[in-house]
Amino acid sequence: MSHITNITLKIWRQSGPDDDGRFESYTIDEISDEASFLEMLDLLNERLIEEGKEAVTFDHDCREGICGTCSMMIDGQAHGPQRGTATCQLHMRKFESGAEIVIEPWRAAAFPIIKDLMVDRAPFDRIIEAGGFITAATGGAPDANLIPVPKPVADASMDAAACIGCGACVAACPNGAANLFTGAKIAHLNLLPQGQAERFRRSEAMVDTMDHYFGSCTNHGECEAACPKEISIDVIALMNSDYLKGKFKNRKSLSRT
Ligand code: SF4
Ligand code: FES
């Protein structure tokens with residue numbers, strides 16, 4: 001184990017939604033290169049509390065790349081410099097001694113800052129509420145082969161289900177679009193047999209809700225590059241296709257009622 005020394009942190013401090021906010025500088029004299037980025041912030045916070053100062057507020061929960069809460073911009077990159085990695089899985093060995101590290105919250109109109117590095121990602125919840133569910137009575141666990149699902153289809157659905165709802169795709173997008181997130185949530189369900197009953201109603205409702213809160217996708221592809229779960233931009237193509245079909249099919253079913 002070796003140590004990284006003499007690190008300067010420039011951290012965004014904002015006491016609440018109405019505060020203008022500003023960068024403040026802190027130094028970390030020495031830290032193990034095996035420490036995670038969040039452990040480094042823990043160390044800083046312990047020191048701030050000992051000095052009678054206010055700790056830096058940041059979201060975190062699982063600390064193993066599952067919950068998606070540890071969202072922050074590190075040197076202008078969502079989740080930092082390591083591709084396919086959430087902030088909690090980033091280690092200090094990715095940084096050099098003497099480095100200056102700039103840490104900011106997500107910058108997106110749909111994600112207002114609550115405090116310091118913590119933002120409100122409730123618009124993601126509104127998208128899920130609009131259609132991120134199935135109404136099939138699933139009962140107990142069925143036999144493994146009761147509903148045959150081709151392996152490539154199951155794999156594609158599972159890849160989309162890997163989305164942890166972190167919001168990096170929105171923060172990285174110059175338009176603040178949420179198409180990768182919404183596409184992942186739609187693809188996860190729309191690809192599987194259990195998701196067919198609401199397929200087109202789901203697509204229309206979730207995309208319309210997304211459009212209400214977020215900007216429009218113009219195919220920059222920054223979302224795919226920033227995603228810690230490496231969700232493919234292909235899910236956006238599936239979403240767009242199902243949304244268009246939904247516009248026709250949903251109207252057709254309405255006309256029968
Ligand atoms: S698609 Fe990727 S970047 Fe966007 S919310 Fe899901 S995991 Fe995060
Ligand atoms: S703390 Fe859960 S994904 Fe980072």
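Which residues in α1 are buried? I'll start there, and please keep in mind that what we are looking at is a predicted model.

The buried residues in α1 are Phe37, Leu38, Met40, Leu41, Leu44, Asn45 and Leu48. They sit on the same side of α1, because they cover an arc of only 150 degrees around the axis. On the other side of the helix, Glu46, Ile49 and Glu50 are exposed.

What do the buried residues of α1 pack against? They pack against four strands: β1, residues 3-13; β2, residues 22-32; β3, residues 73-74; and β5, residues 100-104.

α1 runs over residues 37-50, which is 14 residues, and at 1.5 Å a residue it should span 20 Å. Its end C-alpha atoms are 20 Å apart, so the two values agree. Just after α1 comes glycine 52, with a positive phi of about 75 degrees.

Next, the ligand. Ligand 1 is surrounded by 13 residues, and the closest are Cys163, Cys166, Gly167, Cys169 and Cys227. Two elements give two or more residues to this shell: α4, residues 168-172, and α5, residues 179-190. Sorted by class, the shell has 11 nonpolar residues, 2 polar ones and no charged ones.

Staying with α5, I want to look at asparagine 190, which is found in that helix. Is asparagine 190 buried or exposed? Its relative accessible area is 1%, under the 20% cut-off, so asparagine 190 counts as buried. Its side chain makes a polar contact with the side chain of aspartate 242, at 2.9 Å. Leaving aside residues up to four places away in sequence, asparagine 190 touches Gly195, Gln196, Arg199, Arg202, Ser203 and Asp242.

Where is threonine 85 found? It is in the loop between β4, residues 77-78, and β5. Although it is in a loop, threonine 85 counts as buried, at 6% relative accessibility. Its side chain makes a polar contact with the side chain of glutamine 82, at 3.3 Å. The threonine 85 side chain also reaches the backbone oxygen of arginine 83, at 3.1 Å. Not counting residues up to four places away in sequence, threonine 85 touches His79, Leu90 and Pro228.

To recap on α1: its buried residues are on the same side of the helix and pack against β1, β2, β3 and β5. That is all from me.

Methods. Residues are numbered from 1 along each chain as its sequence is written. Chains are lettered from A and ligands numbered from 1 in the order in which they are written. This is a predicted model: local features need pLDDT of at least 70, side-chain atom pairs count only at pLDDT 80 or more; totals for chains, interfaces and linings use all residues. Side-chain values use heavy atoms; hydrogens and water are left out. The expected span of a helix is 1.5 Å times one less than its number of residues. Buried means under 20% relative accessible area, exposed over 50%, partly exposed in between (1.4 Å probe, protein chains only). The arc is that of the directions from the helix axis to the C-beta atoms. Contact means heavy atoms within 4.5 Å. A residue is near a molecule or strand if one of its heavy atoms lies within 4 Å of it. Ala, Val, Leu, Ile, Met, Phe, Trp, Tyr, Cys and Pro count as nonpolar, Asp, Glu, Lys and Arg as charged, and the others, Gly among them, as polar. A polar contact is a pair of N or O atoms within 3.5 Å; within protein, one must be able to donate a hydrogen and the other to accept it, and residues adjacent in sequence count only if both atoms are side-chain atoms.
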